[in-house]
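Please read them beside the sequence and the coordinates.

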Amino acid sequence: MGTSAAGNRLCVISEEGGEIRRLGKRFRKLDLDGSGSLSVDDFMSLPELQQNPLVRRIIDIFDTDGNGEIDFIEFIRGVSQFSIRGNQQQKLNFAFRVYDVDKDGFISNGELFQVLKAMVGSNLQDAALQQAVDKTILSADRDGDGRISFHEFCTVVDLVVSHQHGHTQLGPLVQKVLVLNKTHQT
Amino acid sequence: MENLWYVAGTIFQLWMFVVVFFIMLPAMFGLSLGVTEVYIQVLVKILEWATLRIQRGQQEQPSAPIPLHTGIIERVGGSMEEEMWQLRCSRPEAAGAFCLSDGVYFCKKGLESIVEDQVTQRFSSEELASWNLLTRTNQNFYYISLRLTIIWGLGVFVRYCVLLPFRIALASTGISWLVIGTCVVGFLPESSAKNWLSELVHLTCYRICARGLSATIHYHNKENRPQKGGICVANHTTPIDVVILANDGCYAMVGQTHGGLLGILQKSMVRSCPHVWFERSEMKDRNTVTRRLRHHVAAKTKLPILIFPEGTCVNNTSVMMFKKGSFEIGGTIYPVAIKYDRRFGDAFWNSSKYNMVSYLLRMMTSWAIVVNVWYLPPMTIQDGEDAAQFANRVKSVIAHQGGLLDLAWDGGLKRCKVKDSLKEEQQKMYSNIIVGQNHIRTTKTCSETREDQ
């Protein structure tokens, strides 16, 4: 677990939290070199992730401070994105960040193309992909700046929360942890 | 000094007496004195009491965390198409085109794998629902009561000071008699008497070894037992699988020649009955291996071959991919499902964590080994089926019988990476989804990629 003060507070709480202990165990198991944070190689030791076309995007979304590695706080925060108690806004935010590669708050034409290319590999021609990308941006872009903002994204994408399966059963304790971490950082 | 020799001599005589009359003779005839059964029943009662005690203790101390032994993810089992359909909220105009919510599907799958994946958990021991009073499985359990601790302490004493020496002595007796017995039988000329004697020696010594592990084996459907000239395939959890299966029949083993003690064992075993041992260099040449095995099977009078198609030890919660090499030999396949009862001892050999000696010591200091063996009806390859499909068919039958999860993942992933072709498969599947009625042109013609939704 982290050595920051937020990490110490996390340790106190984890004595009571079954879910956090479980995730902590998972984190330690994934951390093959024992460095205290997960690198890309640590993730790529999971066979199911190796076959996932968007694994780099996922790791990138987890890595909020951009140092290329994922510490425990980032891990918990990332995993709770699909929590059973997450709201519509959280899920839309996550979906947006899948495409926003440079994290500037807008999905540009190039970014959308990049992610779509990762998903289809070499099975479709670049021209066809570009067509699909242009079409998507055209239909979503309201203010005409050639890229999709978060607001425009939300009007186009409509993720239904109640039908979301496959969520982790993280309880209110995780939300408390994340709030604590936020207040500590402010 | 003489007294010491005298005492040692008496002990040795006593030991031999016990072994011959109480263990070897019953083993030769396949009988049992019932001691192990009584022991198991007593153990079950104690463990049930312990479980109740722990549950009561957990209710009284709500601060102690309750271990989550089931998965912490609730997955829905749908195909890529179904899940993307749900993500898109079933909007018909979006069918067959790229939709912004598609990326979420891959991320969700990725997150599920990060929190709990189906593959790596098979390569470590399964967690128990409740503590079985062994120190090594005490992961999440706190001090509950004095009585429980006393019972646990007694358990440690019994297991390490009483059972362990007994088991070690028994196992070494069994193995040494196997070596001597097969050597002696090897000197006889080829005849049916030799075969019968060889079978007797093998069975007796394996049964002695099984007693040395306090193994209680329940065989089901004995009428489907593998016949001569067939191939027996089973799921693999531990090297002890061989002992378990050989307690009820004679098999021709297949494997690499080793050096040292194991090598001596192999050399003497092959004198009395035709096992198939390979040099390390030969193992790499698949054709040589297949040819030798085919020879063996074709002579219908030879013992059935025992093969573990997974190729590696898996933790007995699932069956991983069967390598198709064993299914290309021809002949009848006799599937066998083996399931260990985890309450009495964890039989899984985690070869990256323990070497053979420490693994055997752990086995001998567990409570016991209780195992169910199901013999399944013989199967043969059908017309129009290739070896890989046949292998999958056999695998699902075994998984179904043993109550194990049927996984398509390769057990070899314990040590090596996933092939790139799997990732390309995912990409291909997705491309097929977003290609629909004339929305996007592809590199192939539209008629080839049309799919119904």
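1. In chain B, an unreviewed UniProt entry annotates residues 12-35 and 141-160 as "transmembrane region". UniProt positions follow the numbering used here, feature names are shortened, and annotations may be inferred rather than shown by experiment. In this predicted model, residues 12-35 of chain B are 79% helix and 0% strand, with end C-alpha atoms 22 Å apart. Helices (H or I, at least four residues) and strands (E, at least two) are DSSP runs numbered from the N terminus.

2. Two conventions apply throughout. Residues are numbered from 1 along each chain as its sequence is written, and chains are lettered from A and ligands numbered from 1 in the order in which they are written.

3. Helix α1 (residues 2-29) of chain B packs on helix α5 (residues 146-186) of chain B at an angle of about 75°, the axes being 12 Å apart. Axes are lines fitted to C-alpha atoms, for helices over the stretch in contact, and angles between N-to-C directions run from 0 to 180 degrees. α1(B) is therefore roughly perpendicular to α5(B) (under 35 degrees is roughly parallel, over 145 roughly antiparallel, 65 to 115 roughly perpendicular, the rest oblique). On the α1(B) side the contact (heavy atoms within 4.5 Å) involves W15(B), M16(B), V19(B), V20(B), I23(B) and M24(B), and on the α5(B) side F166(B), A169(B), L170(B), T173(B) and W177(B). By class, this contact has ten nonpolar residues, one polar and no charged. Here Ala, Val, Leu, Ile, Met, Phe, Trp, Tyr, Cys and Pro count as nonpolar, Asp, Glu, Lys and Arg as charged, and the others, Gly among them, as polar.

4. What is the make-up of chain B as a whole? Its secondary structure comes to 14 helices and nine strands. Of its 453 residues, 48% are buried (buried is under 20% relative accessible area, exposed over 50%, partly exposed in between, with a 1.4 Å probe and protein chains only). Among chain B contacts with a separation of 6 or more, 76% join residues 24 or more positions apart. The accessible surface of chain B is about 22800 Å², with 60% belonging to carbon and sulfur atoms; areas come from the Shrake-Rupley method with a 1.4 Å probe, and for residues only the protein chains shown count as cover.

5. V233(B), in strand β2 (residues 231-234), is buried at a relative accessible area of 0%. Leaving out residues up to four places away in sequence, V233(B) touches I307(B), P309(B), F327(B), I333(B), Y334(B), P335(B), V336(B), V394(B) and I398(B). S214(B), in the loop between α6 (192-211) and β1 (215-220), has a positive phi of about 50° although it is not a glycine. Is S214(B) buried or exposed? S214(B) counts as buried, at 10% relative accessibility.

6. Chain A has eleven helices and two strands, in the order α-α-α-α-α-α-α-β-α-α-β-α-α. Buried residues are 49% of its 186 residues. Chain A exposes about 8500 Å², and carbon and sulfur atoms supply 53% of that area.

7. For chain A, an unreviewed UniProt entry lists "domain: EF-hand" at residues 50-85, 87-122 and 128-163. Residues 87-122 of chain A are 67% helix and 6% strand, with the end C-alpha atoms 36 Å apart. K103(A), in the loop between α7 (88-99) and β1 (106-107), has a positive phi near 55° and is not glycine; K103(A) is partly exposed at 44%. F106(A), in strand β1 of chain A, is also partly exposed, at 24% relative accessibility. Beyond four places in sequence, F106(A) touches F96(A), D100(A), E111(A), D145(A), R147(A), I148(A) and S149(A).

8. Between the chains, the axes of α7(A) and helix α4 (residues 102-115) of chain B come within 9 Å and cross at roughly 100°, so α7(A) is roughly perpendicular to α4(B). F94(A), A95(A), V98(A) and Y99(A) of α7(A) meet D102(B), G103(B), V104(B), C107(B) and L111(B) of α4(B). The contact of α7(A) with α4(B) comprises seven nonpolar, one polar and one charged residues.

Notes:
Predicted model: local features only at pLDDT ≥ 70, side-chain atom pairs only at ≥ 80, totals over all residues. Heavy atoms only, no water.
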